[in-house]
Amino acid sequence: MNINSVLVIGAGTMGRGIAQWFCQHGVRVELVDQHLEMAQASGDLIHSSWDKLHSKAKFDADEIKAFKKNLRIVDMMEHQIDHDLVIEAIVENLNIKCQVFNRLDEIMKESTIFASNTSSIPITKMAKDLSKTRRENFLGLHFFNPATIMKLVEIIETPWSKKDIAHGLYDWFERYGKKPALCKDSPGFIVNRVARNFYGESFHRLENYDKDQVEEIDRVMKNVGGFRMGPFELMDLIGIDVNYDVTQSVWASYYYEPRFRPHKIQREMVDSGRIGRKVKEGFYRYE
Ligand code: NAD
């Protein structure tokens, strides 16, 4: 399999990282967002990240020039229709994702691979109303944050996904340094299913918001547990709003099993807009 061009929809935390990673691996990328200014701001961030990487001698001038040439920021209606792959990385909401895929279904060429970067929504639900060919070319591609650095990509197959596409993508990602994992379409896939307890138990331990305890739990999980980040630092990085949506989605998928229930602190943080690094305040403050 060869991936030469990708359309990335949604220019937030994940779309930006995914677009950057593909550009760095010789793939032409068009990045779109419902708000053009959001896509443009993400484009600027990607460019300044490349400039920083160049100043640290991670890439030479020719490489940076090639990466920049690979990235195009476009308007929602303006993008090309003949990409090899389209990756959706918009808000974690089934109906909105389905609207986007229904629109893409009308315009993209038939052989384009459709993929969602959802953290928890069943891929089967997004694919089920599309034509047979589209369903066969549809899977989950779950990148981790930051997508330029994290090696794991979960490749999620539905009952209709063509094996050769899933396996072709597996080999392709491996060739470019990712560590892909094939997994079935179950709530939260692998990592977000297992990680619910990492976050959930930390909230139960915390009970009520207490800054010292937040720091203590993070410190213990890193220094004693061996995790690279503690649960609260990680939620700040992911986005507390995004993590809350994922918790709700996994909870609903398991018929509201109490052990997956979201915690009130999550809702309070979202309601008050303290949703993590992207707004410079979450469990911690960022300058
Ligand atoms: P985000 O809030 O940072 O960005 C979402 C972007 O999508 C925003 O720029 C928004 O304007 C845009 N958008 C929303 N609706 C749109 C539409 N209809 N058309 C075009 N653009 C639209 O979110 P994120 O953290 O990048 O998450 C995106 C997806 O990736 C979610 O499904 C999330 O579950 C998943 N994910 C997130 C993480 C993480 O750590 N944040 C990790 C893996 C997967």
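## The annotated region

Residues 188-286 carry the UniProt annotation "domain: 3-hydroxyacyl-CoA dehydrogenase C-terminal", from an unreviewed entry; such annotations may be inferred rather than shown by experiment. This is a predicted model, where local features need pLDDT of at least 70, side-chain atom pairs count only at pLDDT 80 or more, and totals for chains, interfaces and linings use all residues. Residues are numbered from 1 along each chain as its sequence is written.

Over residues 188-286, the chain is 60% helix and 0% strand, with its end C-alpha atoms 29 Å apart. Helices (H or I, at least four residues) and strands (E, at least two) are DSSP runs, numbered from the N terminus.

## Two packed helices

Let's look at one helix pair. Helix 8 (residues 191-206) packs with helix 9 (residues 211-223) at an angle of about 140°, and their axes are 10 Å apart. That makes helix 8 oblique to helix 9 (angles under 35 degrees count as roughly parallel, over 145 as roughly antiparallel, 65 to 115 as roughly perpendicular and the rest as oblique). Axes are lines fitted to C-alpha atoms, for helices over the stretch in contact, and angles run from 0 to 180 degrees between N-to-C directions.

S202, R205 and L206 of helix 8 meet Q213, V214 and I217 of helix 9, a contact meaning C-beta atoms, placed from the backbone, within 7 Å.

Elsewhere, an open sheet of eight strands runs in the order 3-2-1-4-5-6-7-8, with mixed pairing; strands pair if DSSP finds at least two bridges between them. Its edge strands are strand 3 (71-73) and strand 8 (179-184). From one strand to the next, the twist averages 25°.

How values were computed. Two residues are in contact if their C-beta atoms, placed from the backbone, lie within 7 Å.
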